[in-house]
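Reader: I would like to learn how to read a structure feature by feature. Where do we start?

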Amino acid sequence: MDRGVTAVELTGAEIFVRCLRDEGVEYLFGYPGGAVLHIYDALYKQEEVKHILVRHEQGATHAADGYARSTGKPGVVLVTSGPGATNAVTGIATAYMDSVPLVVFTGQVMTSLIGDDAFQEVDAIGITRPCVKHNFMVKDVRDLASIMRKAFHVATTGRPGPVVVDIPKDITAHKTAYVFPKDPTLRSYKPVREGDPAAIRQAAALLVSAKRPMVYAGGGIVLGNAAPELTALVRYLGAPCTNTLMGLGGFPATDPLFVGMLGMHGTYEANMAMHDCDVLLAVGARFDDRVTGDLDKFCPNARIIHIDVDPASIQKNVPVEIPIVGEAALVLRDLLAALQATDSAPDKAALAAWWRLIDEWRSRQCLNYDRANIEVIKPQFVLETLYRLTRGDAYVTSDVGQHQMWAAQFYKFDKPRRWINSGGLGTMGFGLPAAIGVQLAHPEATVACVTGEASIQMCIQELSTCKQYDLPIKIINLNNRYMGMVRQWQEFFYQSRYSHSYLEALPDFVKLAESYGHAGLRIDKPQDVEAALREALGRRDRLVFLDFITDQTENVYPMIAAGAGHNEMHLATDRELA
Amino acid sequence: MRHIISILLENEAGALSRVAGLFSARGYNIASLTVAPTEDPTLSRMTLVTSGSEEIVDQIRKQLNKLVDVVKLVDLTDDDRIEREMLLIKVCAEGGERDEIKRLADIFRGRIIDVTDRAYTIELTGDGSKLDAFISVLKSRRILEVVRSGVIGIARGNGACVAETP
């Protein structure tokens, strides 16, 4: 077959596959069904686009999401109509909240049946509308190629996000000439790339005038491939830098200028520095409620600069003095140039005083836990050991809850795209399928899925997918027999009434892993943690399910209760929450 | 504060529901919304009346602009502008009332567009407050039905909210 422009008559299904190939799609995560059988037949006849068969459509979207987050390339999904589409919705919403580029193709009943409540018919466009960047329905096979091209363009540019393309079955049988459209532009969609030079000069002037500057960088750094530009800028300023949960790895965690994650379970020093700073540079962050706490108490003394590619993220929750719309990498590059071009330099004496204060906060060692405990496995210890043994260079996916926070606190990410978690939507069940996408994209890398016994069961069926494609993921199951974060909130805010947060009738995870064809290990003594992790990490050819039986009552600290201010943190030593 | 926003959007199935869905999902108010195709059949014109603090209306404009179907958006609120709304009202008109209602319609520059032996249907165009006033003077009679078109608006002068030609 020749590439590109020769106009051969192809079926919609063949055009679909050719388009994916011409977009450079490597993996297609999917699950067949009636409405997409023509497409599956076309997939059968080629080898360039590799199809990964998941066990549930939610797994397909999360796997594509993990692939996208770890590579920066769009994740691509194919599901059938009706339940195929509805099962994919959780994954689409997950990607939407975290601005991950996905292109999700949903099959649809034949055009002539739409609206008749046909078998496996659902209004996929309507159901997904609130959780996509955009969606399209293909009504004519002649539009298929251009819609697919637009879908990839919209998903991957500006603030990225998921795009759904709904394709009725008859469209995939109709024939037309195939031409890969060169230009995907839409008249109504022109994301801003460069920041306004005047605003950038203003920002530079404000930053050099700062006595207590602070840099708050979010997922936009990772999504916008702006980690080198951020690192250069922060080092020029000599300012403390914090990352949001989504931004971890956007600035090297082992750099002395890094003060850790901020927000509800952020470090003492990061939150106190937020509270006391006089100039705040926010980049690619959206002032989420888990980050800001009480808005009335948020950064009370700060003048705020906000860089974001999405104008709607600016001034949404917090008033900002200098808004700059543009791509993080380009704006940060220009901002550093503007700083270097000004006559004044950052105030060294003021910075030294600011760092003395920060070092005092740091000396509280807010992430301390009971390391001396030899009776019961502390979950933090498992993650510290994982960090040490992988030399901080693994890809870590996580589910949602306490284990997620501990992974964010104790695994120090020096590189972007290594930390893969559902931050915005908080989707339990994300970690394992996401790890599938990550491992496929990085076959030689160590991929660890940090999870808990509640989360892992939400997409446990994907263990079968892992077997089919020989994915040697390491599952770190922090098994405390509770929905840990729910239990923690019930302890603090509901006088320890543990309503439905205890998981009875848990499976034997070792046997479960084995029944799927994997290796499983149960570890219940602190002294066995390291050996088990070493053994698992050493098995390059197998998925190993490590079931760590951990302390049931451990809580995540520090903690800012919902609606409190950054300076109203509770540390492990306080124990009691107001 | 009340804002009137004029939007050009792709004349495609689903474009209207993207706008309506945005307002319900984010809890914004819609006072009225009108939409119809323009002289360019690929584009629709929507006129939307909303209200909220300046911060909220700023967010509304930004969120609308983010919709891929929105080609152009102009907030007419601060402009010198013309606003119009049409009212069709059916009112009971019997016996001696008939002359009185006709006189009221004339005063408001309304037109009686349908007549039966028991009712008038009156058409009236103007800004919202004029329509409100007319309805309120008819309140003492028996109003059978009120149909309002929602507001449309356009800026005075040479400026125009049109799509850029490629």
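Author: With the elements: helices and strands here are DSSP runs, numbered from the N terminus. The model is a predicted one.

Reader: In what order do the elements of chain B run?

Author: Starting at the N terminus, the order in chain B is β-α-β-β-α-β-β-α-β-β-α-β-β. That gives four helices and nine strands. The C-alpha trace of chain B spans about 60 × 35 × 30 Å along its principal axes.

Reader: How many of the residues of chain B count as buried?

Author: Of its 166 residues, 42% count as buried. As for contacts in chain B with a separation of 6 or more, 73% of them are between residues 24 or more positions apart.

Reader: How do I read the interface of chain A and chain B?

Author: The size of an interface is often given as the accessible area lost when the parts come together. Between chain A and chain B the buried area is about 1400 Å², and carbon and sulfur atoms give 47% of it. In terms of contacts, 18 residues of chain A meet 17 residues of chain B.

Reader: Which three residues supply more of the area that chain A buries against chain B than any other three?

Author: R129(A), R187(A) and S188(A), with 41% of that area.

Reader: Now the rings. How many aromatic pairs are there over all chains?

Author: A search of the whole structure finds 21. Take Y27(A) and Y67(A): the ring centres are 6.1 Å apart and the planes stand at 80°, so this pair is edge-to-face. The angle decides the label because planes over 60 degrees apart count as edge-to-face.

Reader: Where in the chain do Y27(A) and Y67(A) lie?

Author: Y27(A) is in strand β2 (residues 27-30) of chain A and Y67(A) in helix α3 (residues 57-71) of chain A; the two are 40 residues apart, and the pair links distant parts of the chain. Both Y27(A) and Y67(A) are buried.

Reader: And the pair of Y482(A) and Y502(A)?

Author: This aromatic pair is edge-to-face, at 5.3 Å centre to centre with 75° between the planes. Y482(A) lies in the loop between β18 (474-479) and α18 (484-493) of chain A, and Y502(A) in the loop between α18 and α19 (509-515) of chain A, so the pair ties together parts that are 20 residues apart in sequence.

Reader: Are Y482(A) and Y502(A) buried or partly exposed?

Author: Y482(A) has a relative accessible area of 16%, so it is buried. Y502(A), at 40%, is partly exposed.

Reader: Which residue lies over the face of Y482(A)?

Author: R487(A), at 5.6 Å from the ring centre. In another case, R364(A) lies over the face of Y268(A), 4.6 Å from the ring centre. Rings can also group: Y387(A), Y411(A), F413(A) and W419(A) form one aromatic cluster.

Reader: Last, a single residue. How would you describe H275(A)?

Author: By element, burial and partners. H275(A) is in helix α10 (residues 268-276) of chain A. Its relative accessibility is 14%, so H275(A) counts as buried. Beyond its neighbours within four places in sequence, H275(A) is in contact with K297(A), C299(A), P300(A), N301(A), H566(A) and N567(A). The side chains of H275(A) and N567(A) are joined by a polar contact of 3.2 Å.

Conventions:
Residues are numbered from 1 along each chain as its sequence is written. Chains are lettered from A and ligands numbered from 1 in the order in which they are written. This is a predicted model: local features need pLDDT of at least 70, side-chain atom pairs count only at pLDDT 80 or more; totals for chains, interfaces and linings use all residues. Side-chain values use heavy atoms; hydrogens and water are left out. Rings of Phe, Tyr and Trp (its six-membered ring) pair if their centres lie within 6.5 Å; planes under 30 degrees apart count as stacked, over 60 as edge-to-face and the rest as tilted. Buried means under 20% relative accessible area, exposed over 50%, partly exposed in between (1.4 Å probe, protein chains only). A charge sits over a ring if NZ of Lys or CZ of Arg is within 6 Å of the ring centre and within 35 degrees of the ring normal. Contact means heavy atoms within 4.5 Å. Buried area is the accessible area (1.4 Å probe) that two parts lose on being put together, summed over both. A polar contact is a pair of N or O atoms within 3.5 Å; within protein, one must be able to donate a hydrogen and the other to accept it, and residues adjacent in sequence count only if both atoms are side-chain atoms.
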